[in-house]
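Biologist: Hi! Could you walk me through this one while I have it open?

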Amino acid sequence: MKLISRRNFMKLAASGAIAISTTNKINAKSLLSDLNTPRGGSDPGPHNELRDQENPDIINPPLTDKGTLPNLRFSFSDSHIRNESGGWTRQITQRELTVSKTISGVNMRLNTGGIRELHWHKEAEWAYMLYGNAQITAMDTNGKFFIDNIKTDDLWYFPPGIPHSIQGLIPDGCEFILAFDNGNFDEDSTFLLSDWFKHTPTDILSKNFQISKKNFNILPKPEEKYIFQGTKNKIKYNINKKYISKKKFSYKMSVKKAIKFKKGKIKIADTSNFKISKNISAALVELKKGAIRELHWHPNNDEWQYYIIGKAKMGVFASSDTARTFDMKAGDVGYIPFAMGHYIENIGNETLKFLEIFKSSYYADISLKQWLSLTPEQLIQDHLNLNSNFKKSLNKEKTPII
Ligand code: MN
Ligand code: MN
């Protein structure tokens with residue numbers, strides 16, 4: 001019922017498109033095609049009603065769409081989930097979203113006391129806390145240790161090869177999004193502490209750690225730890241100050257001031273404020289109901305998005321007479337290939353919140369409106385036939401949210 005206004009409902013009921021059964025339930029067969037009749041005709045055959053309802057702009061694209069842009073969306077709801085004793089994880093890589101060459105994403109839950117096993121990997125790891133609290137640790141290249149507590153809206157970044165760990169804290173552990181600077185990264189193939197021990201002869205372990213071989217007879221058996229249930233109490237690290245790292249692997253975005261606009265706000269995290277994050281830059285964007293993230297593009301790299309709250313329409317212009325529109329929801333990943341023009345519209349009833357993430361040391365975007373505001377009126381007229389009212393609408397100050 002949410003999808004149809006009362007007027008439309010009465011019209012449809014009168015036309016017989018909706019049959020009201022004795023139990024007063026709506027017979028939803030072909031409801032969508034009657035409401036949003038695609039220009040090519042209705043869909044009397046089999047179709048997935050729920051998917052259709054979620055994708056009005058794919059079922060019946062705006063007239064301005066044209067051509068066959070690749071799929072630019074994948075939902076974590078559709079990705080394989082790996083359940084473990086201390087939590088779960090799922091990922092969206094190039095395998096799931098073919099165009100996502102620059103970034104792959106992981107969505108992970110650690111229950112209270114859940115531990116992501118001590119590990120490292122070839123890729124840089126950038127994280128955004130969606131929910132709850134975690135304690136993270138790392139060791140820098142000078143052999144100094146880093147420990148911090150992370151809460152909702154905070155970030156961390158571990159450069160390639162830096163060993164680290166994560167523990168879910170009370171009262172209810174945590175859930176976070178990880179972005180890796182390689183679309184082919186596989187969270188299931190990281191360098192795990194227990195895995196290396198398993199693949200090192202005990203005489204070598206004995207030599208390396210200078211204790212007798214028999215000490216290693218009690219190592220955990222084949223199955224890897226990966227995400228396991230540990231103590232529910234926060235692990236205590238009693239490390240002398242002189243072994244504490246001067247590097248900041250975390251960024252407390254939750255307490256940073258946003259750049260505010262009439263219809264929303266943006267927080268940017270890149271090497272200008274989060275120095276260590278050399279391979280990943282990001283913006284946390286909030287759009288009020290009905291607002292749009294203005295027509296723009298990025299001059300540095302592809303955009304990887306994660307939708308945190310709400311519903312959006314994402315329109316992408318790919319040059320060569322090609323454009324495509326996607327419907328996005330919280331939990332979805334979106335992708336915009338390098339330099340393609342785009343907008344994001346909040347089409348839900350609540351504030352839309354999402355992340356724009358780039359494999360880049362800096363955040364940058366080009367505003368169409370700002371560019372045209374600095375372009376002489378005559379030149380704009382020659383291109384678009386638009387009158388002086390259009391020129392008046394332009395603003396030399398960038399307004400990323402309108
Ligand atoms: Mn990691
Ligand atoms: Mn963008």
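Modeller: Happy to; we can start with the model itself and then go site by site. This is a predicted model, in which local features need pLDDT of at least 70, side-chain atom pairs count only at pLDDT 80 or more, and totals for chains, interfaces and linings use all residues. Residues are numbered from 1 along each chain as its sequence is written, chains are lettered from A and ligands numbered from 1 in the order in which they are written, and side-chain values use heavy atoms, with hydrogens and water left out.

Biologist: What pLDDT does the protein average?

Modeller: The average is 91, and 90% of the residues score at least 70. pLDDT is the predictor's confidence in each residue, from 0 to 100.

Biologist: And where does pLDDT stay under 50?

Modeller: Over residues 1-34, for which the model has 38 contacts beyond four places in sequence; a contact means heavy atoms within 4.5 Å. Where pLDDT is low, the predicted coordinates should not be read in detail.

Biologist: Fine. How many helices and strands?

Modeller: There are 9 helices and 24 strands. Helices (H or I, at least four residues) and strands (E, at least two) are DSSP runs, numbered from the N terminus. Of the protein's 402 residues, 46% count as buried, where buried means under 20% relative accessible area, exposed over 50%, and partly exposed in between (1.4 Å probe, protein chains only).

Biologist: On to the metals. What coordinates the manganese ion (ligand 1)?

Modeller: H119 (NE2), H121 (NE2), E125 (OE) and H164 (NE2) do, at 1.9 to 2.3 Å. Donors are N, O and S atoms within 2.8 Å of the metal (3.2 Å for Na, K and Ca); water is not among the atoms, so sites may look incomplete. Along the sequence these donor residues are spaced H-x1-H-x3-E-x38-H.

Biologist: Are H119 and E125 buried or exposed?

Modeller: Both are buried.

Biologist: Which residues are the protein donors of the manganese ion (ligand 2)?

Modeller: H296 (NE2), H298 (NE2), E303 (OE) and H342 (NE2), lying 2.1 to 2.2 Å from the ion. Their spacing along the chain is H-x1-H-x4-E-x38-H. H298 is buried, with a relative accessible area of 2%, and H342 is buried with a relative accessible area of 2%.

Biologist: What is the phi of D153, then?

Modeller: Near 80 degrees, a positive value in a residue other than glycine. D153 is in the loop between β7 (145-151) and β8 (155-158), and is buried, with a relative accessible area of 15%.

Biologist: And Q210: where is that residue found?

Modeller: In the loop between α6 (202-209) and β12 (227-229). Q210 is not a glycine, yet has a positive phi of about 55 degrees. Q210 is exposed, with a relative accessible area of 67%.

Biologist: Last one: which residues does E286 contact, leaving aside neighbours within four places in sequence?

Modeller: K263, G264, K265, T351, L352, K353 and I401. E286 itself is in strand β16 (residues 281-287).
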